[in-house]
Amino acid sequence: MTVFVALALTGFSTSRGHGSRHSGGGGGCSSSGQDHDSSSSSGSTSGGSSGSTYHDYDDDDDVTGGTSGGGSSSTSTTRRDASVELITCATPGEAYATVEVTNPGPAGAYFTVTVDFLDAGSRTVERRSTDEYVGGNDTATVQVALSGPAAAAKVDHCDPEPYAPAT
């Protein structure tokens, strides 16, 4: 009985049925699903430097946004740049470039897509941008327009920025 009292006072608890899945050093973590001995008066550990909250780090990938339980998943709500891939460049008959914009994040966002329209000597004819909404984990086809047909007649090739920042 003295061992159980000493363990409860130091913040350590006896673990039952958890196996090695939650090994994280030091002990002292308490889970609401853990079976505590009857000698523990409140059902959780108190005080001590070993902590009284439990965070299951290997389940972080199960969270798709916001917060869950006692942990937060700030990385899942952080906006990341979308990737941009050129589909077609402007022609004298079509004064725009077509690109695919892929949003790697779980939430939809607006992205600023920028394309450099270049002449045969790789000099910039125009640099144009457009803001486009792309759903979470989705791809959208986007047209980035030139100022007009006269500019399109000068374009030899297009060079989109490889990443579009979230706005």
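Buried means under 20% relative accessible area, exposed means over 50%, and partly exposed lies in between, with a 1.4 Å probe and protein chains only. These legends describe a predicted model, in which local features need pLDDT of at least 70, side-chain atom pairs count only at pLDDT 80 or more, and totals for chains, interfaces and linings use all residues. Residues are numbered from 1 along each chain as its sequence is written, and side-chain values use heavy atoms, with hydrogens and water left out.

View 1. Ser-129 sits in strand S6; helices (H or I, at least four residues) and strands (E, at least two) are DSSP runs, numbered from the N terminus. Leaving aside residues up to four places away in sequence, Ser-129 touches Thr-112, Val-113, Thr-114 and Val-144, where contact means heavy atoms within 4.5 Å. With Thr-114 there is also a side-chain polar contact of 2.7 Å. A polar contact is a pair of N or O atoms within 3.5 Å; within protein, one must be able to donate a hydrogen and the other to accept it, and residues adjacent in sequence count only if both atoms are side-chain atoms. Val-115 is 14 residues from Ser-129 along the chain, and their C-alpha atoms are 6.4 Å apart.

**View 2. The open sheet of 3 strands.** Here the strand order is S6-S5-S8, and the pairing is antiparallel; two strands pair if DSSP finds at least two bridges between them. Strands S6 (124–134) and S8 (157–160) are at the edges with a single partner strand each, so one side of each has no neighbour in the sheet. Neighbouring strands are turned by 25° against each other on average, direction ignored; the axes are lines fitted to C-alpha atoms, for helices over the stretch in contact, and angles run from 0 to 180 degrees between N-to-C directions. Strand S5 (residues 109–118) is joined to S8 by 4 bridges, and Asp-116 has Asp-159 in S8 as its bridge partner.

**View 3. The open sheet of 4 strands.** This antiparallel sheet has the order S7-S4-S3-S9, with S7 and S9 (163–164) as edge strands that pair on one side only. S4 and S7 share 7 bridges; Thr-98 is partnered with Gln-143 in S7. S3 and S9 share 2 bridges, and Ala-82 stands opposite Ala-164 in S9. In a regular strand, side chains alternate between the two faces of the sheet. On S7, Ala-140, Val-142 and Val-144 form the covered face, while Thr-139, Thr-141, Gln-143 and Ala-145 form the uncovered one.

**View 4. The largest nonpolar core.** A nonpolar core is a set of buried Ala, Val, Leu, Ile, Met, Phe, Trp, Tyr and Cys residues joined through side-chain atoms within 4.5 Å. The largest one has 23 residues, and Val-101, Phe-117 and Leu-146 make the most contacts inside it. Two or more residues come from each of strands S3 (82–88), S4 (96–102), S5 and S7 (139–145) and helix H3 (149–154). S5 gives the most, with 5 residues.

**View 5. The disulfide of Cys-89 and Cys-158.** A search of the whole structure finds 1 disulfide, defined as a pair of cysteine sulfur atoms within 2.5 Å. Its S to S distance is 1.9 Å. Cys-89 lies in the loop between S3 and S4 and Cys-158 in strand S8, so the pair ties together parts 69 residues apart in sequence. The torsion about the S-S bond is about 75°, so this disulfide is right-handed. Both Cys-89 and Cys-158 are buried.
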